[in-house]
Amino acid sequence: MAKITYQHPDGTLTVVDVQAPDTVMRGAKLNNIDGIEAQCGGSAQCGTCHVYIDEASTVPLPPMDEVEDDVLYGTACPRRENSRLSCQLPVTDDLDGLLVHLPEAQS
Amino acid sequence: MAARSVAVIGAGQGGLETAAALRAKGFDGRITLVGEEPVPPYQRPPLSKGFLTGAVGHVDLTLRTESFFESQDIDLVTGDRVCRIDLFRSRVELASGGRLDYDRLVLATGSRPRVLPVPGANLDGVLTLRTLADAEELRALLDGPPRQVAVVGAGFVGLELASTARALGHEVTVVEAQPRVLARALTPQLSHWLADRHRQQGVRLLMSSEVAALSGSASGRVEGVLLRDGTRLPADLVVIGIGVLPRSELAADAGLLVGDGVLVDPWLRSSDRSVYAIGDCARFPGGGPGRHIRLESVQNASDQARCVATAICGGGAPYTAVPWFWSEQCALRLQMAGLTADHDETVTVGHPDEGRFSVLCYREGALVGVESVGRPADHGIARRLLTTGAWPSADEARTPGFTLKSFAVERPSEGLPTHA
């Protein structure tokens with residue numbers, strides 16, 4: 001289990017406990033956090049679960065594969081160095097304390 | 001008047017997203033979500049793909065946990081059916097005898113498979129694929145020694161299923177009345193390319209072929225398919241995938257305007273301003289000036305759900321989302337953005353021989369849609385370009401070495417990568 005913090009564009013924070021094998025995306029969906037759509041259900045098709053990893057984060061994340069890299073070209077808000085698809089971030093104990101910023105829009 | 005209670009009929013993708021989005025947007029009144037199936041809301045797309053192979057299990061299908069409905073204070077009613085809408089009293093009646101009063105009603109009733117109107121369609125071993133129960137039955141039949149499977153209809157469900165069944169080792173024949181696969185949804189280029197992939201995988205495709213009858217044993221079990229040209233195909237499993245019909249009977253009985261779906265305005269309101277319709281069952285303004293369309297996709301259901309939730313919360317804007325679709329067949333990733341049916345010009349970019357390419361579709365010089373195979377970046381960029389209107393002309397796209405990626409990077413606009 002890991003505590004994940006989702007920061008909304010207006011600065012408010014939502015902190016939730018997410019359990020393996022859920023992903024950072026599913027953690028948001030299960031807690032009805034507005035700002036993650038995940039229309040394709042987590043199959044890296046749609047790019048509507050885009051998050052920005054906090055720049056000061058030292059939490060170790062799995063590397064990005066080619067498909068995720070490609071899908072991030074089509075996000076509704078600009079892609080940045082710290083962009084990820086939250087459906088590609090499976091939760092492990094290592095992710096405890098992760099802070100992700102939600103973009104203004106997903107679609 | 002601000003709404004205090006919302007009833008949502010249909011607990012599929014659209015219905016669930018409506019209920020969830022209402023809460024996420026701060027609606028604090030009563031929300032009731034009524035679903036006919038005996039299970040909580042689940043994802044349908046894997047039912048014709050990973051669920052049949054076992055790669056996707058029941059837990060993966062669930063859209064939300066049971067505790068979600070409790071924590072969000074959403075009354076989820078499963079295994080019950082709305083049998084009547086009383087517009088005058090703003091009330092729906094349930095088959096179980098219950099009643100629900102509403103301030104706003106959202107119809108998310110979805111669609112049902114078309115029935116094949118031929119003798120033998122009721123034999124054992126003749127299935128359609130729409131619900132989890134359908135998929136469970138099919139999965140059990142495909143989990144065993146090789147069968148002779150006939151798939152009637154080369155649409156998305158039929159082809160996904162054909163590809164999956166073939167990969168599981170079954171003999172598969174697809175029978176399609178149109179001269180090419182996915183004739184309604186895909187350009188001829190992609191359609192022919194995809195048909196070749198199916199054939200290479202060992203799927204037999206019979207185009208321009210119509211089913212005359214299904215034949216069965218004395219015990220009522222299907223044994224074969226008889227085509228109009230006299231061909232007999234042996235088959236011990238027949239799956240019908242010839243499209244769906246909108247479930248709009250409740251709306252029609254209530255007196256709402258209906259015509260191949262519940263007719264709605266740009267805000268997705270039906271002819272009664274307290275009643276919205278979304279997803280497969282709704283016919284909305286789109287596809288060009290003065291036209292109405294009905295779309296069967298997760299994107300359409302989800303985006304329309306959020307549009308309606310926003311409207312009920314007091315905001316709201318006309319629905320204008322760019323449609324997109326995806327499919328997985330023959331281990332390929334197919335993604336479609338926009339609506340390509342009326343195109344008059346195409347430009348193919350990329351490498352069809354490697355299974356990585358996109359078909360850009362233009363109508364009177366304007367980009368109307370992009371089909372992509374194995375090019376997720378193209379698909380995402382295409383959705384953005386169709387939204388902003390800042391697409392490349394057909395001549396630009398025909399320039400040697402053109403890619404949507406480089407086009408997007410060279411002309412960054414809202415939503416395109418700025419790091420490269």
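How much area is buried between chain A and chain B? About 2800 Å² is buried between them, and carbon and sulfur atoms give 44% of that area. Buried area is the accessible area (1.4 Å probe) that two parts lose on being put together, summed over both.

## Basis of the model

This is a predicted model, where local features need pLDDT of at least 70, side-chain atom pairs count only at pLDDT 80 or more, and totals for chains, interfaces and linings use all residues. Residues are numbered from 1 along each chain as its sequence is written, chains are lettered from A and ligands numbered from 1 in the order in which they are written, and side-chain values use heavy atoms, leaving out hydrogens and water.

## Where the chains meet

Chain A brings 28 residues into contact with 40 residues of chain B. Contact means heavy atoms within 4.5 Å. In chain A, A:Gln39, A:Gln45 and A:Tyr73 lose the most area to chain B. Together they make up 27% of what that side buries.

The interface of chain A and chain B has 4 salt bridges. A salt bridge puts a side-chain nitrogen of Lys or Arg within 4 Å of a carboxyl oxygen of Asp or Glu. One of them joins B:Arg306 to A:Glu37, with the closest N and O atoms 3.1 Å apart. On the side of chain A that touches chain B, helix H1 (24–30) and helix H2 (66–71) of chain A are the elements that give two or more residues. H2(A) gives the most, with 4 residues. Helices here are DSSP runs (H or I, at least four residues), strands likewise (E, at least two), numbered from the N terminus.

## Aromatic pairs

Over all chains there are 6 aromatic pairs. Rings of Phe, Tyr and Trp (its six-membered ring) pair if their centres lie within 6.5 Å; planes under 30 degrees apart count as stacked, over 60 as edge-to-face and the rest as tilted. The ring centres of B:Phe68 and B:Phe69 are 5.3 Å apart and their planes meet at 90°, so this pair is edge-to-face. Both B:Phe68 and B:Phe69 are buried (under 20% relative accessible area; exposed is over 50%, partly exposed in between; 1.4 Å probe, protein chains only).

B:Phe284 and B:Tyr319 have ring centres 5.5 Å apart and planes at 85°, so they too are edge-to-face. This pair links distant parts of the chain, 35 residues apart. B:Phe284 is in strand S20 (residues 282–285) of chain B. B:Tyr319 is in the loop between helix H9 (298–312) and strand S22 (324–329).
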